Amino acid sequence: MSNRTKTSYFDCIVIGGGHAGVEAAHAAAKIGAKTALITHSRGTIAKMSCNPAIGGLAKGQIVREVDALGGLMGLAIDATGIQFRMLNRSKGPAVQSPRAQADRQKYQKFMRQALEQTADLTIVEAIATEIVTEGDKVRAVACKDGSVYSTQTVVVTPGTFLGGMMYIGGDQWAGGRLEEPPSVELSQSLKRMGLELGRMSTDTTPRLDAGTVDVEKLQVQPGDEPPMPFSFMTEKINRPQVPCWITYTNEKMHKLLRENLHRAPLSSGRIKGTDPRYCPSIESKVVRFSDKKQHRIFLEPEEEGIKTIYCNGIFTSMPKDVQERMLKLLPGTENARIIYYAYAIEYDYCPPIQLKPNLETKKISGLFLAGQINGTSGYEEAAGQGIMAGINAARKIQGAEPIVLGRDQAYIGVLIDDLLTKGIDEPYRMFTSRAEYRLSLRADNADRRLTQIGKSVGLVDQKRWMKFQNKLRAVAELKSYLQDARSQGLSLWDQLRQPNNTVASRMPSIASQALGNGTHNTCPGDDVVQAVIIDAKYEGYLAKQERLVAGLRSLENKKVPLDLDYNGITHLRAEAKEKLSVFRPSTLAQASRISGVTPADIMVLQIHLKKSNIRKQNAK
């Protein structure tokens, strides 16, 4: 440290300018913390290093939640998306999820400019090498250029850069992303602080010259008309949409992959990190699903002008010659030119059981982790963690209580709780099936679930708040109208709740009549109409679910000391003692979700905590 120069003080420093870092830095600064985002290059902020898309099954809900809290991702994709689709449209609203293709360069530019225009946020182009601590508290961040930035809180969002190693067949080199160096020193710094690190891996796909792909023989996948925005603040999207295309693998291609498995780094054992179960390499798919004759591949444009194609589904680390031969066997890409070869990347992560629910590490006060460092995959999961880490880092500076979203409040809450209680040994990906309260955690109601929280922490501005209040009033007035208006002996509300009713199809005109001449003076938006229709449809189910949530809420409110000596609790089973000592849950509810901990164990723990509290009170 003697050769370093202290240059500035920041309340919060975010290390890494990926999707988690962008949301963390924006949130912390917007709340009022003087914030620095340290990134090796301003030009790679929010770079889409994998697929050029935002959203997807369950992921779309997370993007809507980030938006409702006051984050950037929804606004960015609405401004730069080139194709919008609502997935699972034929199914119920609880599992419908928005997804959009992005113009990669425009998306990056939008995010960079949004950060540059954020007050109290400074972008520092540097390579962070060390987190300086004093005892168990964060004190500064040291960089490769010799500068040191003192601080009280640090949010680490390094993506795949920590100890990154890249592979294409037999070729291997250090890197955090294509043509970008890894972060080795920062990894070592985390180890010195006593954090446990593990290894994970993931694959990318080849990028093709769009002009050399024969799309005429392929199935076209158009976007939805009209396109549905992600952000509550986007009125409509008027841009023309570009198509995607669908093709399929075949037996010849599968045979080629099987014959060359020994040349793939993961299959050969050269990569030690765990491969994603839910986004596996194409060679893993061929082996794992040997009975399948074909696998669907999506050819997705990476920009509005359709210059490059992303081969969604051909995740691989096969040698370059195998990648070339593979594409020659794929309908539509027989003559395609590869611009960037697919590669695998192996990187360090910190098993997230080392975190508190606010994403602060248990060992080091003021140190927060978000994104792939916590074992997750996906831009959306990263953004959800990033915004929560940024909020809580800023609130720590303010001396305010942390914001922790429950499993009944948000997919972000499910995500973070899973990370803390499930034990992550492979890249975590969000699915609707992971959320037991998915009936109420819908994409359509994210604004009603979380805007109030965003407002309370200082992220939601007055313009969004006023628009949100107008929507709430419109929804309430329309519900009241339906409950008062009667037809055939039933209120319109009761009729709307029935399956195959005719009221739903007439709702736009009913809403116009109910609200158009009232205080709003304009016809209600489609979001208001849909909110009321869905509320009516799910009213009975949601009432039942709320009773279940209320029953569990008492456990959520019962805190467990992080330093509790589980080995000293009589009648607690040995397995429960072991698991609880490792995971260190913050609440009884969290303890109950740890694998290997039974309801009987929770009862023993509850009795122990009650007796301990009585003893403490008597001692006073």
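Predicted model: local features only at pLDDT ≥ 70, side-chain atom pairs only at ≥ 80, totals over all residues.
Me: Which residue in strand 19 stands opposite Gly-198?
Reply: Residues are numbered from 1 along each chain as its sequence is written, and side-chain values use heavy atoms, with hydrogens and water left out. Strand 12 and strand 19 (residues 344-349) pair in the antiparallel sense over six bridges, where strands (E, at least two residues) and helices (H or I, at least four) are DSSP runs numbered from the N terminus, and a pair of strands needs at least two DSSP bridges. The residue in strand 19 that stands opposite Gly-198 is Tyr-349.

Me: By what average angle are neighbouring strands turned in the open sheet of six strands?
Reply: That sheet has the order 14-15-16-17-13-18 with antiparallel pairing, and strand 14 (219-221) and strand 18 (338-340), its edge strands, each pair on one side only. Within the sheet, strand 13 (residues 207-209) and strand 17 (residues 308-312) are joined by three bridges, with Asp-209 opposite Thr-308. With axes as lines fitted to C-alpha atoms (for helices over the stretch in contact) and angles from 0 to 180 degrees between N-to-C directions, the twist from one strand to the next averages 35°.

Me: Which helix gives the most to the lining of the second largest pocket?
Reply: A pocket is an open set of points on a 1 Å grid over the protein atoms alone, with protein on both sides within 12 Å along at least five of seven lines, whereas a cavity is a set where a 1.4 Å probe fits but cannot get out; lining residues have an atom within 4 Å of a point. The second largest pocket has a volume of about 1,500 Å³, and of its 48 lining residues the closest to the centre are Met-228, Asp-526, Asp-527, Val-528 and Gln-530. Among the helices that each supply at least two lining residues are helix 2 (59-69) and helix 16 (526-556). The most, eight residues, comes from helix 16.

Me: Which strand supplies the largest share of the lining of the largest cavity?
Reply: The whole structure has one cavity of 30 Å³ or more, and the largest cavity holds about 50 Å³ of space, a volume being the space filled by probe spheres set on grid points joined across faces, edges and corners. Its lining consists of Gln-83, Arg-85, Arg-99, Ala-100, Gln-101, Gln-221 and Cys-244, and strand 4 (81-87) and strand 5 (97-102) each supply at least two of the lining residues. The largest share, three residues, comes from strand 5.

Me: What is omega for the cis peptide bond between Glu-225 and Pro-226?
Reply: Pro-226 lies in the loop between strand 14 and strand 15 (244-248). The bond that joins Glu-225 to Pro-226 is cis, with omega about -5°.
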